[in-house]
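The entries follow in the order in which I looked things up.

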Amino acid sequence: MSAPPDHPPALPLDLSGRVVFVAGGGSAGPGWSIGRAACVTYARLGASVCVADRDAASAEETTALIHAEGGTAATLVGDVADAADVQRLFAEARERFGGAIDVLHHNVGIGKTGGPLETSTEDFDRIHSVNVNSLLLACQQVLPAMVERGRGSIIAISSIAGMRYLGYPHLAYGVTKAAVTHFTRMVAQQYAGQGVRANTVVPGLIDTPRIATTVAKMFSDTSLDEARAARARQVPMGRMGTAWDVAHACAFLASDAAAYVTGTELVVDGGITGKFV
Ligand SMILES: NC(=O)c1ccc[n+]([C@@H]2O[C@H](COP(=O)([O-])OP(=O)(O)OC[C@H]3O[C@@H](n4cnc5c(N)ncnc54)[C@H](O)[C@@H]3O)[C@@H](O)[C@H]2O)c1
């Protein structure tokens with residue numbers, strides 16, 4: 001692969017003409033999930049965005065937000081952990097935007113609080129299927145064309161729960177997020193010479209609608225506001241991250257500004273993984 005010129009001009013983030021597939025582009029509740037903010041960000045940078053989600057109404061809301069800003073997007077409905085659905089979703093994406101996928105943003109993630117005694121093998125398999133098998137299925141769809149064209153970016157969303165114990169048991173989630181990170185490192189190494197980059201974005205404590213239904217109860221039995229405040233207090237920056245904080249990191253990795261970045265983890269956590277207590 002050729003090196004860039006000696007004195008290249010500053011590179012704006014630009015995804016014009018690129019097709020981005022976001023697996024999990026809806027939101028667990030009203031407001032801005034990471035996938036939704038990422039979809040809107042990609043579209044603002046000129047990409048055509050495939051908003052894939054098993055929740056049709058939520059995906060459609062993301063697509064409508066993009067259309068309202070004059071962007072290009074299509075809603076694709078299906079289960080990204082189901083092999084037949086995945087095949088259909090990517091076929092629809094290629095048909096819709098006429099060609100290959102330039103950027104795979106693997107966003108889906110589910111969990112269940114509890115340690116080994118509270119986690120059944122059925123729960124473990126289900127969480128692994130959604131968090132990890134789906135990444136395998138999606139890579140099988142995008143890699144052949146990325147290799148053929150000599151370019152592509154795979155962005156997997158992991159979690160700091162895959163690097164650290166966050167103060168409460170969340171075993172299946174943490175283990176599968178660690179798997180997502182290492183899966184991505186391995187793909188990056190295998191395909192580095194063929195123009196395909198693969199990186200993980202590792203969000204910290206992010207204030208998305210999902211936390212109301214999942215981890216909030218680990219921080220307060222009584223109120224969501226109290227749980228949000230307790231979460232924010234843990235972070236050196238004094239606040240939880242927003243979905244946009246994560247989306248902007250993804251935009252960098254999707255773009256040619258990250259042309260020499262592969263096989264790495266971009267931690268977006270307000271400093272929390274660097275601190276002792
Ligand atoms: N919110 C946080 O604090 C936080 C922190 C670290 C990492 N993350 C990770 O970031 C990602 C997004 O988090 P979020 O809080 O925005 O979550 P979210 O639940 O709002 O968004 C995930 C979307 O994926 C969809 N989805 C789930 N399973 C699916 C399946 N099998 N097929 C198709 N669609 C499916 C959901 O319907 C939802 O719209 C997840 O991977 C999560 O683990 C979140």
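I count a salt bridge where a side-chain nitrogen of Lys or Arg lies within 4 Å of a carboxyl oxygen of Asp or Glu. By that criterion, D85, R88 and E92 are linked in a network of salt bridges. I note that the model is predicted.

**Entry 1: salt bridges**

I searched the whole structure and found 13 salt bridges. I then went through several pairs one by one.

I looked up R18 and found it paired with D256, with 3.1 Å between the closest N and O atoms. R18 counts as buried, because its relative accessibility is 15% and the cut-off for buried is under 20%. D256 is partly exposed, at a relative accessible area of 41%.

Next I took R44, which forms a salt bridge with E69; the closest N and O atoms are 2.7 Å apart. R44 is in helix α1 (residues 34–44) and E69 in the loop between α2 (56–68) and β3 (72–77), so this pair ties together parts that are 25 residues apart in sequence. For E69 I noted a relative accessible area of 45%, which makes E69 partly exposed.

I also recorded the salt bridge between the side chains of R239 and D245, at 2.8 Å from N to O. R239 is partly exposed, with a relative accessible area of 40%. D245 also counts as partly exposed, at 27% relative accessibility.

**Entry 2: the ligand site**

I listed the residues around the ligand and got 27, of which D53, D79, N107, Y173 and T208 come nearest.

Which N or O atoms lie by the oxygen atoms of the ligand? In the side chain of Y173, an N or O atom is 2.5 Å from a ligand oxygen. I206 places a polar backbone atom 3.0 Å from an oxygen atom of the ligand. For V108 I noted a polar backbone atom at 3.3 Å from a ligand oxygen.

How much of the ligand's accessible area does the protein cover? On its own the ligand has 830 Å² of accessible area, and the protein covers 96% of that.

How values were computed: Residues numbered from 1 in each chain as written. Predicted model: local features only at pLDDT ≥ 70, side-chain atom pairs only at ≥ 80, totals over all residues. Heavy atoms only, no water. Near = heavy atom within 4 Å. Polar contact = N/O pair within 3.5 Å; in protein donor to acceptor, adjacent residues only side chain to side chain. Areas by Shrake-Rupley, 256 points an atom, 1.4 Å probe, with all protein chains shown as cover. Buried < 20%, exposed > 50% of the residue type's maximum accessible area, 1.4 Å probe, protein only. Helix = DSSP H or I, 4+ residues; strand = E, 2+ residues; numbered from the N terminus.
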